[in-house]
Amino acid sequence: MIDRRSFLRVSALAGAAAVSGTAFAAAGPRPADWSALGRGLDGRLIRPGDASYDNARRVFNSAFDSARPVGVAYCKTAADVSECLAFARRYGVPVTSRSGGHSYAGWSTGSGLVVDVSPMSGVSYADGHATVGAGARLVDVYAKLAAHGVSIPAGSCPTVGVAGLTLGGGIGVVSRQYGLTCDTLESLKVVTADGKLLTCSPSSHPDLYWASRGGGGGNFGVATSFTFRTHRTRSVTLFFLHWPWAKAAAVLKAWQAWGPAAPDAMWSNCHLDHDPSLDVMVGGLYLGGRTACENLLQKLVDRVGSSPSSRYVATSAYDHAMMVEAGCASMSVAQCHRPGTLPGQNASGKLVRDSFSAKSHFAYTPLSSAGIKALLAQVAAPGRHTVMLDALGGAVARVRPDATAFPHRKALFSVQYYSHFSGAAAWARAAHAAMRPHFGDHAYVNYIDPELKNWQQQYYGANAARLARVKAAYDPGRLFRLPQGV
């Protein structure tokens with residue numbers, strides 16, 4: 001909700017516009033208007049020319065470093081968000097929201113006003129429920145909940161913001177046991193386009209609550225906090241099995257039959273790498289002891305028909321396992337951040353940004369021999385790239401496709417084509433096109449792809465029509481205008 005000082009300023013401007021007979025948003029903001037916005041925020045407004053601007057404008061993917069937003073507002077409160085949205089409406093300034101800044105299409109930045117919720121990063125726990133600020137990074141969510149012996153199902157990239165992950169569904173490393181991130185979402189607070197702060201749950205604004213569980217970030221409002229149902233943690237077993245590339249076809253055939261059908265406690269992925277040499281790996285974690293894990297892994301090895309060339313299987317504390325999956329096994333939580341002094345960063349951070357291109361599919365049926373051959377040919381093409389397949393099934397599949405906005409409940413696994421060297425976009429485009437006849441037209445909105453045709457159907461399936469109705473109800477003027485906005 002807009003606080004009193006904001007209300008008075010908006011009212012005065014509206015009154016002046018009415019007296020002069022001009023439209024409320026007829027003219028763009030002047031420098032004095034930007035200054036007034038900055039003074040009205042509890043957080044911080046950074047503008048071009050400010051010392052922190054170059055740092056503030058950059059997102060995770062350095063491919064979008066040319067973006068120069070006219071302002072970046074680090075919002076400390078929901079009232080700050082309301083203030084920014086009122087400013088955007090008043091002056092017709094394009095607005096985009098940003099949590100972790102990992103949008104694959106670069107849509108967490110732009111030429112207008114970036115509403116960054118990083119300062120709202122608190123994590124609290126009580127009686128089985130976690131309340132998490134929309135700007136919290138996953139590494140901090142895991143670490144702070146670990147102090148209470150609990151966690152939520154979420155992803156592996158440590159600097160991803162909880163908002164984007166949850167709003168798009170949230171595929172993660174324990175999803176087969178506990179569901180997607182959005183499946184444990186009990187309620188959330190959202191500032192809608194009219195500046196109102198709404199609490200959304202099954203009994204309050206249920207349509208917006210439904211849309212916020214897989215409908216994608218940046219469509220319906222700016223989320224400021226989430227309340228999740230938690231699960232108790234315990235020690236887990238981590239594993240990484242490697243085979244030589246000559247066995248890649250056998251491994252992929254075996255994994256796609258084994259991974260999605262394994263017990264819920266077993267989560268795995270299959271990585272097909274060309275970075276720089278060719279390699280095939282099956283990794284993951286088991287929510288249980290080493291002996292039971294080894295027995296399940298042996299079933300995979302038997303399907304492959306040969307032993308792996310290297311094998312790592314070890315028990316681990318849950319929070320350490322999340323650091324391993326994040327690529328931060330030898331780092332502290334503070335180091336597992338981007339370096340810097342702005343919200344969401346850490347002065348001790350050691351993580352670097354990346355420049356990459358990516359696309360996605362969902363596999364609803366196993367790949368045929370021809371499909372496996374086609375996929376391996378794409379991985380073997382010159383360059384440095386990876387295809388990552390994450391097993392689904394389990395708890396993910398026991399939710400109806402229309403129960404949340406995330407429709408891909410019956411998929412066996414997700415597929416991500418990822419390249420981060422010269423020719424990345426061309427390779428990702430070619431690999432995606434080559435596999436379309438085998439996987440069909442299904443894509444993950446959290447791996448948003450600006451080149452997709454018929455993206456509504458690919459991201460949302462039969463849920464697209466209901467999402468459009470929710471959009472019309474909560475943002476009829478389309479203040480939030482992503483290029484692939486609902």
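**Figure 1. Surface, charge and overall dimensions of the predicted chain.** The accessible surface of the chain comes to about 18700 Å², and 54% of that area belongs to carbon and sulfur atoms. This is a predicted model, and in it the chain carries 47 positive and 30 negative side chains, with the centres of the two sets lying 2 Å apart. The C-alpha trace spans about 80 × 45 × 45 Å along its principal axes. Because a compact globule of 486 residues would have a radius of gyration near 23 Å, the 23 Å found for the chain agrees with that expectation.

**Figure 2. Secondary structure and packing of the chain.** The chain is built with 15 helices and 18 strands, and 57% of its 486 residues count as buried. Among contacts between residues at least 6 apart in sequence, 73% join residues at least 24 apart.

**Figure 3. The annotated region, residues 64-233.** An unreviewed UniProt entry lists residues 64-233 as "domain: FAD-binding PCMH-type".

Figure 4. Helix α5 comprises residues 138-146, and its buried residues are L138, V139, D140, V141, Y142 and L145. The cover over these buried residues includes strands β5 (123-126), β6 (129-133) and β7 (150-151), together with helices α6 (162-167) and α11 (318-325).

**Figure 5. R232 and its surroundings.** R232 is found in strand β11, which runs over residues 231-232. With a relative accessible area of 54%, R232 is exposed, because the cut-off for this class is over 50%. When its neighbours within four places in sequence are left aside, R232 is in contact with Y125, H148, G149, V150 and Y178.

**Figure 6. Q378, a buried residue of helix α12.** Q378 lies in helix α12, which covers residues 369-380. Its relative accessible area is 17%, and Q378 is therefore counted as buried, the cut-off being under 20%. Leaving aside neighbours within four places in sequence, Q378 is in contact with H385, W427, A430, A431 and A434.

**Figure 7. The cis peptide bond between D275 and P276.** D275 and P276 are joined by a cis peptide bond, for which omega is about -5°. P276 is found in the loop that lies between strand β13 (266-274) and strand β14 (278-286).

**Figure 8. Positive phi values at N454 and R478.** N454 is not a glycine, yet it has a positive phi of about 50°, and this residue is found in the loop between helix α13 (424-439) and helix α14 (455-460). R478, also a residue other than glycine, has a positive phi near 55°, and it lies in the segment after helix α15 (464-474). The relative accessible area of R478 is 33%, so this residue is classed as partly exposed.

Technical notes. Residues numbered from 1 in each chain as written. Predicted model: local features only at pLDDT ≥ 70, side-chain atom pairs only at ≥ 80, totals over all residues. Heavy atoms only, no water. Helix = DSSP H or I, 4+ residues; strand = E, 2+ residues; numbered from the N terminus. Rg over C-alpha atoms; globule rule 2.2 N^0.38 Å. Buried < 20%, exposed > 50% of the residue type's maximum accessible area, 1.4 Å probe, protein only. Contact = heavy atoms within 4.5 Å. Areas by Shrake-Rupley, 256 points an atom, 1.4 Å probe, with all protein chains shown as cover. Lys, Arg positive; Asp, Glu negative; His and termini not counted. Charge placed at Lys NZ, Arg CZ, Asp CG, Glu CD. UniProt positions renumbered as here; feature names shortened; annotations may be inferred.
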